[in-house]
Amino acid sequence: MTSVENRARTALVTGASAGIGRAIAVAFGELGWRVAVGARRIDALGETATRVTDAGGTAFVQPLDVTDPDSVETFAANATDALGPIDVLVNNAGCAWPGDIAAVDPDRLRDMLATNVLGALLPSRAVVARLLAANAPGDVVFISSDAVHNPRPGLVTYGATKAAAEHIARGLAYEVEGTGIRVTTVRVGPTITDFASEWGDPQQFGALVERWQHFGNQRHWGVMDPSDVARAVVLAVTTPPGVHFDTIEVQPVAPRPLD
Ligand SMILES: NC(=O)c1ccc[n+]([C@@H]2O[C@H](COP(=O)([O-])OP(=O)(O)OC[C@H]3O[C@@H](n4cnc5c(N)ncnc54)[C@H](OP(=O)(O)O)[C@@H]3O)[C@@H](O)[C@H]2O)c1
């Protein structure tokens, strides 16, 4: 029998057009896996697909909006037709908009809740339903944030959506206990991506970080590469059956001794 950790598997990665999602998709490609890469920007997804293929995997590309139930269901159905049953899901798509609660644009609040909470629930629903119907083992990963530890002023809603995602992960783990489906939270620290590219000029960004330092949320300036996070995801989903990583927190090492 081929064990789950060493056979080529079929993965669905949301938010795979950039950053951490792209790095996870490429890491799966390096394992020779089939990878369905979804996000809204089709051109950027094409670039991810090329990198997955170059790395040794097979890619399926289709636009995906994780906040739209029809889009998620169509994506899961077409990816399954193209690649075979999906047995690894990475709920990675996410967004964050800074702004104090008293000032933040309500549309941005809605966007964060939709993308980070509904956008994790809908793909989980689509993939887990298929795994249960097939009585098949699998892995579901939720990409969370160290913002769940402490509310970061100016980014409170984002932290709340990630805390909700971790709650969903823990509850889903109970719902599927005994089925062979593992659920893992990968909680991520500062990583260099486009994530904060629209958060304003360097001065505004600096002011935000100063507030976080004041409240003990940002202890140093160390940052990671998206591939560092991808390595943690690969570790979780390639661990032999019988063992389960519940939560992995990935943090950068401080760049120099603290003052
Ligand atoms: N970077 C960090 O420091 C950091 C720290 C902690 C946690 N995280 C988490 O890591 C995950 C990835 O973030 P990142 O840093 O790689 O940011 P990023 O470079 O901005 O990537 C975000 C990805 O999410 C996708 N996305 C956004 N809304 C979507 C939607 N409605 N439907 C489908 N895809 C959607 C984007 O693709 P399209 O725009 O093409 O749709 C993009 O591929 C997020 O969950 C984030 O919360 C990041």
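**Note on the ligand site and a salt bridge**

1. Strand 5 gives the most to the shell around the ligand: three residues. This is a predicted model. Strand 5 spans 138–145. Helix 1 (19–30) and helix 5 (156–175) also supply at least two residues each.

2. Which residues come nearest to the ligand? They are Ser17, Arg40, Asn92, Tyr158 and Thr193, out of 29 residues around the ligand. By type, the shell divides into twelve nonpolar, twelve polar and five charged residues.

3. Look next at the oxygen atoms of the ligand. One oxygen atom is 2.6 Å from an N or O atom in the side chain of Thr193. The backbone takes part as well: a polar backbone atom of Asn92 is 2.7 Å from a ligand oxygen. For Gly94, a polar backbone atom lies 3.5 Å from an oxygen atom of the ligand.

4. How much of the ligand does the protein bury? Taken alone, the ligand exposes 880 Å², and the protein buries 93% of that. The space that the ligand takes is the largest pocket.

5. Now the charged pairs. Side chains of opposite charge can pair when their charged atoms come close. The whole structure holds eleven salt bridges. One of them joins the side chains of Arg130 and Glu73, at 2.6 Å from N to O. Arg130 lies in helix 4 (residues 106–134) and Glu73 in helix 3 (residues 69–83), so this pair ties together parts 57 residues apart in sequence.

Definitions and conventions: Residues are numbered from 1 along each chain as its sequence is written. This is a predicted model: local features need pLDDT of at least 70, side-chain atom pairs count only at pLDDT 80 or more; totals for chains, interfaces and linings use all residues. Side-chain values use heavy atoms; hydrogens and water are left out. A residue is near a molecule or strand if one of its heavy atoms lies within 4 Å of it. A polar contact is a pair of N or O atoms within 3.5 Å; within protein, one must be able to donate a hydrogen and the other to accept it, and residues adjacent in sequence count only if both atoms are side-chain atoms. Accessible areas come from the Shrake-Rupley method with a 1.4 Å probe; for residues, only the protein chains shown count as cover. On a 1 Å grid over the protein atoms alone, a cavity is a set of points where a 1.4 Å probe fits but cannot get out, and a pocket is an open set with protein on both sides within 12 Å along at least five of seven lines; lining residues have an atom within 4 Å of a point. A molecule sits in a cavity or pocket if more than half of its atoms lie within 2 Å of its grid points. Helices (H or I, at least four residues) and strands (E, at least two) are DSSP runs, numbered from the N terminus. Ala, Val, Leu, Ile, Met, Phe, Trp, Tyr, Cys and Pro count as nonpolar, Asp, Glu, Lys and Arg as charged, and the others, Gly among them, as polar. A salt bridge is a side-chain nitrogen of Lys or Arg within 4 Å of a carboxyl oxygen of Asp or Glu.
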